[in-house]
Amino acid sequence: IWGLLNETDDGPVFRHAVTTLPLVRSLDDTRVVLLSSGRWDCQRNIGSVSNPGSMEWECLLGGEGPDAAPVPYWKETPMPACCKGMGDLHIYPRVPHTAETINYLRTIGHDTKPVFISEYGIGSAVDLVRVARQYEQRNAEDLEWAKCYRNTLNDFLITWDQWKLAECFGRPEDYFKQCLAKMAGQRLLGLNAIRANPKVMGHSMTGVIDQGLAGEGVATTTFRELKPGAIDAIFDGWAPLRWCLFAEPLNLYRGANVKLEAVLANEDLLAPGEYPIKFQVFGPTAAKVWERKMTVRIANPNGKPQPPLAIPVLSEDVVANWPSGKYRFVAAFEQGGAAAGGEAEFHLADPADMPPVDAEVVIWGEDPDLMKWLADHGIRTRPFTTGSQSGREVILVSRKPPAGEAEAFCELARHLA
C-alpha cells in the first residue's frame with residue numbers, strides 16, 4: 001500500500017496530496033493508495049482509498065460520501081486521535097481499558113460502511129533506569145536523547161523519594177518491571193475487541209519499538225529488548241482463527257447477571273460447513289458451573305456478499321448464583337477447528353461473606369454516585385477536610401478529585417503518613 005500523509009489537518013498540504021493521485025498512478029497502477037492515515041482533515045466528501053487501477057479517491061469506508069459533511073476534529077471528541085465518522089481511523093484509548101473503551105472498539109463503524117484502523121496502540125512505561133544505563137554502557141551520555149532520559153529519570157527519583165514509593169515497590173527497577181509487564185495484557189484486551197468487530201476490515205498496530213519518551217512499542221524498548229509477554233500477546237491476538245470472549249461486568253455480586261459473549265474471528269481459515277462448539281464457565285475450585293453447546297456455520301468465503309471476518313456466536317445473560325471467587329469463561333471447538341484465544345475472566349463476590357462496615361468512611365473528592373451507593377448500603381460517610389482527621393479513619397479516594405487536586409492530594413498524603 002502507498003500512503004501519502006499521516007495525521008495531517010485540512011490545509012494546503014492535504015489539498016495538494018488530494019491532487020497527486022494521477023502522479024502516483026503514473027508511477028504505480030498496481031497498489032492500493034491511502035490518502036492520509038488517521039484522516040485528521042475530517043473531510044468525509046473525499047474518499048480515503050484508491051484501489052488498484054482507480055484514478056479517484058473512493059468513498060468506500062466509514063461515513064464517507066460525495067455529499068457527506070465534515071466530522072468534528074478529534075480534539076473535540078473524547079477518544080484521542082480518532083475522527084469518528086471517517087473511514088481511516090487512529091485509536092489510542094486511555095489505559096487501563098474500561099468497559100466503555102472495549103465497547104467502543106467492538107462497535108466502531110457499526111452505523112457506517114466498514115472502517116480501517118490504520119493505527120491502534122497503547123503505551124507502557126519507559127524503563128528510565130535501564131535506558132539511562134544503556135546509554136552509559138555505550139559511553140553515549142552526551143547524546144541529546146540520553147540527556148532527555150537522564151533528566152526525566154532525575155525528576156522521577158525526586159518523586160520516588162517524596163512519595164516514599166520504596167515502601168510499595170522496593171526500588172525503581174522493580175517498579176518499572178511491573179509497569180512494563182502490565183502492557184501485554186492491555187494490548188490483548190484491545191486486540192480481542194478489535195478482532196470481534198465485524199465492521200473493522202483491517203487494522204495496523206502502533207508500534208513495534210519505543211520511540212522518544214513514548215513507550216508505545218508493543219514488542220521492544222528503545223534498545224530493542226523484548227517487553228514481558230508482548231510477543232505472546234500478539235501471537236494470540238493476531239491468530240487467524242480466534243475466539244474473542246467477553247464477560248460483563250468483570251466484577252459482580254452473587255445472584256446478579258453476567259453477560260457472556262463469544263465472537264469467532266476467522267480469516268477464511270475454516271472450510272465452509274458446520275462446527276460443534278462448547279462454552280463453559282469454571283469456578284475458583286475448577287468446578288464447572290455452566291455449559292452451553294452450539295453449532296457455528298461457516299459460509300463460503302467466495303460467496304456474495306463475502307462473509308465477515310468476525311462471526312457473533314453467543315450472547316447470553318447468565319445468573320451467576322455461585323460462590324465468591326475468580327471464574328473463567330472458555331470456548332473450544334469440539335471438532336474441526338483449533339482456535340486461539342477462548343478465555344475471559346470475571347470475579348464474583350457474595351455480600352454474605354463481607355463483614356459489616358462499622359467505621360465512618362471519609363470521602364476525598366465529590367462523587368454523588370459513590371455517596372449514594374454507600375448510603376444505600378448503610379455506610380456512614382463524611383467529607384475529608386484539612387486538619388480534622390484523627391488518623392484512624394477509613395479514607396476512600398473518589399473518582400472525581402476536588403479542585404486544587406495537587407495541593408489536596410499532598411495534604412491527604414501528609415495525613416496518611
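Visitor: Why does Y175 count as partly exposed?

Guide: The model is a predicted one. Y175 has a relative accessibility of 22%. Partly exposed covers the range between under 20% for buried and over 50% for exposed, so Y175 counts as partly exposed.

Visitor: What makes F176 buried?

Guide: The relative accessible area of F176 is 4%. Buried requires a value under 20%, and F176 is therefore buried.

Visitor: How many aromatic pairs does the ring-centre rule give?

Guide: With ring centres required to lie within 6.5 Å, the count comes to 21 aromatic pairs.

Visitor: Why is the pair of Y175 and F176 called edge-to-face?

Guide: The ring centres of Y175 and F176 are 5.2 Å apart, and the planes stand at 70 degrees. Planes over 60 degrees apart count as edge-to-face, so this pair is edge-to-face.

Visitor: Which residues do ring pairs link into a cluster?

Guide: The cluster consists of W243, Y275, F279, W290, F329 and F333.

Visitor: Which residue lies over the face of F246?

Guide: That residue is R106, at 3.9 Å from the ring centre of F246; the distance cut-off for a charge over a ring is within 6 Å.

Visitor: What makes strand 1 and strand 3 edge strands?

Guide: The open sheet has three strands in the order 1-2-3, with mixed pairing. Strand 1 (2-6) and strand 3 (49-50) each pair on one side only.

Visitor: In which sense do strand 1 and strand 2 pair?

Guide: Strand 1 pairs with strand 2 (residues 33-37) in the parallel sense, over four bridges; at least two bridges are required for pairing. W2 stands opposite V33 of strand 2.

Technical notes
Residues are numbered from 1 along each chain as its sequence is written. This is a predicted model: local features need pLDDT of at least 70, side-chain atom pairs count only at pLDDT 80 or more; totals for chains, interfaces and linings use all residues. Side-chain values use heavy atoms; hydrogens and water are left out. Rings of Phe, Tyr and Trp (its six-membered ring) pair if their centres lie within 6.5 Å; planes under 30 degrees apart count as stacked, over 60 as edge-to-face and the rest as tilted. Buried means under 20% relative accessible area, exposed over 50%, partly exposed in between (1.4 Å probe, protein chains only). A charge sits over a ring if NZ of Lys or CZ of Arg is within 6 Å of the ring centre and within 35 degrees of the ring normal. Helices (H or I, at least four residues) and strands (E, at least two) are DSSP runs, numbered from the N terminus.
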